[in-house]
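Hello,

Here is the structure we spoke about. My notes on its helices follow below.

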Amino acid sequence: MALKAAEILAKALEEDACAQEQGALGDQSMRIENVCREIRPINDIPRPIFKLALKFWKQWALASQHSWHHGGSISESEWPEMARIIAQHVRIGTLPNNKLILDNFVRKRRSLSWRDLKSLFEKGS
C-alpha cells in the first residue's frame with residue numbers, strides 16, 4: 001500500500017531533522033524535488049500546511065547552505081525541532097500554534113503605514 005502524501009512529507013522532514021542532528025544533512029534541494037514529485041499526484045495535504053511545510057523546508061535548505069544564516073532569528077539547533085513540529089502538523093492537516101514557525105514561514109499581509117493610509121483617503125476625496 002502506498003503511503004499518503006502527508007506521511008511521505010512528514011517522514012522526509014523527520015529524516016532530515018535526524019540527519020542534521022547527526023551532522024549528515026547534505027544538500028536538501030534534490031530531496032525536496034524528489035519528495036514533491038512523489039506526493040504531487042496524490043497530494044491530500046490541506047493547502048495551508050502544505051505551503052508552510054514547503055516554504056520551511058526550502059528555507060531550511062538555504063540556511064544550511066549559507067552557514068545557518070536565515071533572514072529570521074532561527075539558530076541552527078532550532079531547525080530540526082521545527083521540522084518535527086511541522087511534520088506532526090502535516091500528519092493532522094493543521095497549522096502549528098508555534099510563534100517562531102508562524103512568524104517566519106506563514107505569509108502575512110503587510111499592514112499599511114499611516115502615510116499610505118492617509119494617501120488612500122486623500123485620493124478618495
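**Helix α4 and its neighbours**

Glycine 93 follows helix α4 and has a positive phi, near 80 degrees. This is a predicted model, in which local features need pLDDT of at least 70 and side-chain atom pairs count only at pLDDT 80 or more, while totals for chains, interfaces and linings use all residues. Residues are numbered from 1 along each chain as its sequence is written, and side-chain values use heavy atoms, with hydrogens and water left out.

Helices here are DSSP runs (H or I, at least four residues), numbered from the N terminus. α4 covers residues 78–92, and its 15 residues reach 22 Å from first C-alpha to last, close to the 21 Å expected at 1.5 Å a residue (1.5 Å times one less than the number of residues). Its buried residues (under 20% relative accessible area, 1.4 Å probe, protein chains only) include Trp79, Met82, Ile86 and His89. The buried residues of α4 pack against α1, α3 (47–65) and α5 (99–105), where contact means heavy atoms within 4.5 Å.

The axes of α1 and α4 (lines fitted to C-alpha atoms over the stretch in contact, with angles from 0 to 180 degrees between N-to-C directions) come within 8 Å and cross at roughly 165 degrees. α1 and α4 are therefore roughly antiparallel (over 145 degrees). Among the residues that meet are Leu13 and Ala17 in α1 and Ala83 and Val90 in α4.

α1 (residues 5–21) also comes within 9 Å of α2 (residues 28–39), axis to axis, and crosses α2 at roughly 165 degrees. That makes α1 roughly antiparallel to α2.

Regards

Conventions: Helix = DSSP H or I, 4+ residues; strand = E, 2+ residues; numbered from the N terminus. Parallel < 35°, antiparallel > 145°, perpendicular 65-115°, else oblique. Buried < 20%, exposed > 50% of the residue type's maximum accessible area, 1.4 Å probe, protein only.
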